[in-house]
Every structure is written in structure tokens, then in C-alpha cells.
Amino acid sequence: MLAVKRFTEKGNTMKNAKRILALVLTLVLSASVFLIPASAASWKYNSAYKQYKGKTYTVFGDSISTGYDPHLTPKLYGMGDGVNPKAFPELVASVTGTRIARYSYDGCRTKDVYSLLGGSVPKDGYYTEFLEKGIFVAMNRPLAKPAAIKKSLKKSSLVTMNIGNNDIFTGPLVMAALDIAQLSEVSSKAAELVEQAVKRGILTKDFQSMFNTLNTLGLTVVFLEAMFAEMGKAMTEMATYLPLVVSTIKANTNGELAIIGMYNPFRSVDTEIAGLKLSEAGDLTVKAINAFLKENAKVLGYTYVNVFGTECYYDTGEFQDTHPTDKGYATMAKKILKTIPHREA
């Protein structure tokens, strides 16, 4: 009986220990749930990044790096002026102790960055019809001159660039619409639908409505063929202009250059187009671009930052929007800070 009693006591002791351990873990995890957002919200300077401190952090890219947030107005920030303190450049600047010089604008592609830097780039339909007549008008401000940008680069300890979204998604959509607009009056009306959908942020409902109309007009296959052809051209252009952008940046700065990969903004979207889910098509495309950026990092001499799992508003269902949530921006900032050279604790 004594042996049985001791076994029971031992069993009870183990149960109690498990309960205590579970309680301790619960408290620790609960504390971390509160502590992580609190520390992330402050994003204070960290001496591990002292090599960047006091210098300029130059930012190139599209609406993700301008700090686009559907909660805020105006929604088109153009070149950006730190209007969104939760965007990844603001968070990275806080930790590295740098001053932001932002040369990003909504709708920007790789070739457009090269143009900003003073490179010779022929203006295409996307630039003249979408940027000059749409976004640039909304910005109501001139783009920075190449000389000013290069002056900023010379003072920079850190440069980041996020590209690909407008190269591969928005650009080909707009260009395909312009392509089919030339076919007939009916396809011209279809092209207007595409432009409206793009200008509203490539929303799911707009997409569905757009393709329903294209189906009704018998133009779905025509548009998709045009779009895939334009995507092929866009990938070729990225391969052409990326080395030019990188070499120009590196010729004007000794700072660290990090190129940020893409996430799939349609990861949680089940919209189906001609039998192909938007989420699956997005995954295939994004992974191809990320592989291209990663493979060229050593060849061209930049740091590649993988942000594939970034949360966007489609993921949360709060908005039908492709841009990062606050959590998504924080994830991007952490990935950048983890990847760029710094002193490990």
C-alpha cells in the first residue's frame, strides 16, 4: 500500500509540476504577447546598427515603401513624407538611427527607378496613361532630379529598394488593356474596366466584375493572351534594368544596398480567372521573381531580403487591398534588420 501511495504522490507531484509549468509558460507567453507589440511600437535605436547611425537611409520603390495605408487619407502618397509612421522605412530608420530620403512613388517599376537615377528609359503606355495622367496628377508634385538623388546616395549608409509588384502585376494589366483597346470600340470599353480596377488597387470585386464583362464581350482569352505577353516583356525588362539600377546606385554610394523581394498579395484570394486561381497564379509569379532577385544578389553585389510571408489586408479581410497591414510592415522591417550587416548581440 505504501508503494502505491508513494506512486500516487509522485503522480500528483508530476501533475502539479505540469500545472505549474503550464501556468508559468502561460504567463511568459502572455507577457510576450504584450511586450512584443510594445517594443515594436517604440522601435528604438539599437547600437548593433551603429555603422548606419547619423547618415541617410535612401528608399526606392513603390507604394509599399511610400507607406500606403487604406486607413489614411490621402491614400496616394506619391513620394511620401513619413506620413505613415508604421511603414517599414520608418521602422528601419528608427532602429538604425538614420534619416530617410524617400524616392519612392506609387506605381513605380524597376525601369522607373533607373529613370529617376537619370538613366535613359523610353516612356511606355503604362507611364504616360497610368502614371502621368493618374498617379502623378494625384501626387501634384514634381519628381526629384537625378542630381539630388545622387547627392542623397553619397550621404547614405543604407539603401533599400522594393520592386516587382508593378513590373509584373499592375504594369502588364495596364499595358494589356491598352493593347486590346486598339482592337475595337467594344474592347476599348473593356480596357476602361481594367484601368478602373487597377486604379482602385486591383480589388477582388473589380477583378471579378472586369472578367465577367470580358467574358460577356468574348474578350477574356484575348485579354489574357495580351497580359501574359506583357508579363513576358516585363520580366525581360526587369532583367535589363536591374543591373543598371544596381550599378548606378553602387557608383554613387558606399552604403549597404538591400533589395526587398515580393510577397503574394493575392495569397488568400480565391477569385478564379479562366480556370486559374488568382492565389496560385500569384504564388508562381512571385516565387519566380524572388528566385531571380536572390540569384542575382551575389552577381550584382546587393543583399536580398525575403519578405514572402508578409501579411496584407487581403489576409485579414479588413480591406480588399494588396498592401501590408501594420503587422506586415513590421515583419518587413524585422526581415530587413535581420538581413543587413549588423553586430550580433
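The legends below describe close-up views of a predicted model.

**View 1. The whole chain, for orientation.**
The chain has 345 residues, and 49% of them are buried. Its secondary structure consists of 13 helices and seven strands. Of the contacts with a separation of 6 or more, 76% join residues 24 or more positions apart.

**View 2. The largest nonpolar core.**
This core contains 90 residues. Phe60, Phe88, Phe223 and Tyr302 are the residues with the most contacts inside it. Helix 10, which spans residues 220-251, contributes the largest share, at 12 residues. In soluble globular proteins, nonpolar side chains tend to be buried together.

**View 3. Surroundings of Tyr302.**
Tyr302 is among the residues with the most contacts inside the largest nonpolar core. Residues up to four places away in sequence are not counted here, and the contacts of Tyr302 are then Leu242, Val246, Leu257, Ile259, Phe292, Leu293, Asn296 and Ala297. Ser247, in helix 10, is 55 residues from Tyr302 in sequence. The C-alpha atoms of Ser247 and Tyr302 are 10.0 Å apart. Ser247 has a relative accessibility of 40% and therefore counts as partly exposed.

**View 4. The largest cavity.**
A search of the whole structure finds one cavity of 30 Å³ or more. The space in the largest cavity is about 30 Å³. Its lining is formed by Ile64, Asn162, Ile163, Asn165, Ile260, Gly261, Met262, Tyr263 and Met332. Six of the lining residues are nonpolar and three are polar, with no charged residue. Rolling a probe the size of a water molecule over the atoms shows where empty space is left.

**View 5. Thr331 in helix 13.**
Helix 13 covers residues 326-339 and includes Thr331. Phe88 is one of the residues with the most contacts inside the largest nonpolar core.

**View 6. Ser152 in helix 6.**
Ser152 belongs to helix 6, residues 146-154. With a relative accessibility of 7%, Ser152 counts as buried, because buried means under 20%. Apart from residues up to four places away in sequence, Ser152 touches Thr56, Thr58, Ala101 and Tyr103.

**View 7. Ser187 in helix 8.**
Ser187 is located in helix 8, which runs over residues 185-199. The relative accessible area of Ser187 is 0%, so this residue is buried. Which residues does Ser187 contact, leaving aside neighbours within four places in sequence? They are Ile180, Ala181 and Leu219. Val222 is 35 residues from Ser187 along the chain, and the two C-alpha atoms are separated by 9.5 Å.

Terms used:
Residues numbered from 1 in each chain as written. Predicted model: local features only at pLDDT ≥ 70, side-chain atom pairs only at ≥ 80, totals over all residues. Heavy atoms only, no water. Core = buried A, V, L, I, M, F, W, Y, C linked by side-chain atoms within 4.5 Å. Buried < 20%, exposed > 50% of the residue type's maximum accessible area, 1.4 Å probe, protein only. Helix = DSSP H or I, 4+ residues; strand = E, 2+ residues; numbered from the N terminus. Contact = heavy atoms within 4.5 Å. 1 Å grid on protein atoms, 1.4 Å probe; cavity = no way out; pocket = protein on both sides within 12 Å on 5 of 7 lines; lining within 4 Å. Points joined across faces, edges and corners; volume = space filled by probe spheres on them. Nonpolar A, V, L, I, M, F, W, Y, C, P; charged D, E, K, R; others polar.
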